[in-house]
Amino acid sequence: MLRPAVDQLARFTGQLRQYEHAMKQGVTILMYHRVLEDKVASEYPLATLAMPLRAFGEQMRWLSEHAQVMTLSRALASLE
């Protein structure tokens, strides 16, 4: 319930646009503790460390449309 409100606030204040711009200026590294089937993720003892597979897929689709996705080795090479 809180997440959609934060997303709307980020859009309204321009923070989302700034974040998207910053993503294009440097390298952002995403790390996941666990990516699990949705039901397994919801029952995981440390739920904040588990990414439901459906949400992971949605995030990967969004990233593929809005960011330049690359391997860690390529990202490090781009910083040199």
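Is lysine 24 buried or exposed? Lysine 24 is exposed, because its relative accessible area is 63%, where exposed means over 50%, buried under 20% and partly exposed in between, with a 1.4 Å probe and protein chains only.

Good morning, colleagues. This is a predicted model, in which local features need pLDDT of at least 70 and side-chain atom pairs count only at pLDDT 80 or more, while totals for chains, interfaces and linings use all residues. Residues are numbered from 1 along each chain as its sequence is written, and side-chain values use heavy atoms, with hydrogens and water left out.

I begin with the overall fold. The chain contains 5 helices and 2 strands, arranged along the sequence as α-α-β-α-β-α-α. These elements are DSSP runs numbered from the N terminus: helices are H or I with at least four residues, and strands are E with at least two.

The radius of gyration of the chain is 15 Å, whereas a compact globule of 80 residues would have one near 12 Å. That radius is taken over C-alpha atoms, and the globule rule is 2.2 Å times the number of residues to the power 0.38. Along the principal axes, the C-alpha atoms fill a box of roughly 40 × 35 × 20 Å. Of the 80 residues, 10% are buried.

Contacts come next, a contact being heavy atoms within 4.5 Å. Among those with a separation of 6 or more, 33% join residues 24 or more positions apart.

I now turn to individual elements. Glycine 14 follows α1 and has a positive phi, near 90°.

Methionine 60 belongs to helix α4, residues 53-66. It counts as partly exposed because its relative accessibility is 30%. Methionine 60 and glycine 14 are 46 residues apart in sequence, and their C-alpha atoms are 23 Å apart in space.

Finally, I return to lysine 24, which lies in helix α2, residues 15-25.

Thank you for your attention.
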